[in-house]
Amino acid sequence: MSQITIKVNGMKVHGNSREPLLIQLERAGLRPEFQCRDGMCGACRCKLAAGAVDQKDSMAFIAPNEILACCAIPKSGVEVEFAYDIGETEQEDLTKNTLSGTAHRS
Ligand code: FES
């Protein structure tokens, strides 16, 4: 089963266990910071509050409880926290957001 729930900064996003978190959050209309998208810069660093991910080897410095969203694929449902507001979609109704991803305040 690849369908999972990603909790991020108080929102829930429908996701999967096949793609990096950064891509899934962007598809849901959220705007986490990024630069290299390849584990080099650390811009996408976030705290892993619950769950587990497959984290690709990377050059960027991260603390023991942090992950790089650009190269972390959730193994199952996860909870992540960015230290800043990653925003919402520009649409009022988040459930109308994308073909496969949606974000909901909880
Ligand atoms: S965007 Fe550069 S490490 Fe993730």
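Author: Helices (H or I, at least four residues) and strands (E, at least two) are DSSP runs, numbered from the N terminus. On that basis, Arg 37 is placed in the loop between H1 and S3. Residues are numbered from 1 along each chain as its sequence is written. This is a predicted model, in which local features need a pLDDT of at least 70, side-chain atom pairs count only at pLDDT 80 or more, and totals for chains, interfaces and linings use all residues.

Reader: How many helices and strands does the protein have, and in what order do they run?

Author: The protein has one helix and eight strands. From the N terminus, the order is β-β-α-β-β-β-β-β-β.

Reader: What is the average pLDDT of the protein, and which residues fall below 50?

Author: The pLDDT is the predictor's confidence in each residue, from 0 to 100. Its average for the protein is 88, and 83% of the residues score at least 70. Over residues 90-99 the pLDDT is below 50, and this stretch has 18 contacts in the model beyond near neighbours in sequence; a contact means that the C-beta atoms of two residues, placed from the backbone, lie within 7 Å. Where pLDDT is low, the predicted coordinates should not be read in detail.

Reader: Why is Leu 21 called buried?

Author: A residue is buried if 20 or more other C-beta atoms lie within 10 Å of its own, exposed if 12 or fewer, and partly exposed in between, with C-beta atoms placed from the backbone. Leu 21 has 26 other C-beta atoms within 10 Å, and is therefore buried. Leu 21 belongs to helix H1. Apart from neighbours within four places in sequence, its contacts are Ile 6, Ala 69, Ala 72, Pro 74 and Val 80. The C-alpha atoms of Leu 21 and Ile 67, 46 residues apart along the chain, are separated by 9.9 Å. In the protein as a whole, buried residues make up 33% of the 106 residues.

Reader: Where is Asn 9 found, and what makes S1 and S2 a pair?

Author: Asn 9 is found in the loop between S1 and S2. Two strands pair if DSSP finds at least two bridges between them. Six bridges join S1 to strand S2 (residues 11-16), and these strands run antiparallel. The partner of Gln 3 in S2 is Asn 16. S1 and S2 form a hairpin with two residues between them.

Reader: How do you know that S7 pairs with S1 and with S3?

Author: Three bridges join S1 to S7, which run parallel. Three bridges also join S3 to S7, which run antiparallel. Lys 7 stands opposite Glu 79 in S7, and Leu 48 has Val 80 as its bridge partner there.

Reader: Why is Lys 47 called partly exposed?

Author: Lys 47 has 14 other C-beta atoms within 10 Å, and is therefore partly exposed. Lys 47 lies in strand S3. Leaving aside neighbours within four places in sequence, Lys 47 is in contact with Asn 65, Glu 66, Val 80 and Glu 81. The C-alpha atoms of Lys 47 and Ala 83, 36 residues apart along the chain, are separated by 8.2 Å.

Reader: What makes a set of residues a nonpolar core, and which members of the largest one touch the most others?

Author: A nonpolar core is a set of buried Ala, Val, Leu, Ile, Met, Phe, Trp, Tyr and Cys residues joined through C-beta atoms within 7 Å. Of the 22 residues in the largest one, Leu 25 and Ala 69 touch the most other members. Two or more residues of this core come from each of strand S1 (3-8), helix H1 (21-27), strand S3 (45-50), strand S5 (66-68) and strand S7 (78-81). H1 gives the most, with three residues. In soluble globular proteins, nonpolar side chains tend to be buried together.
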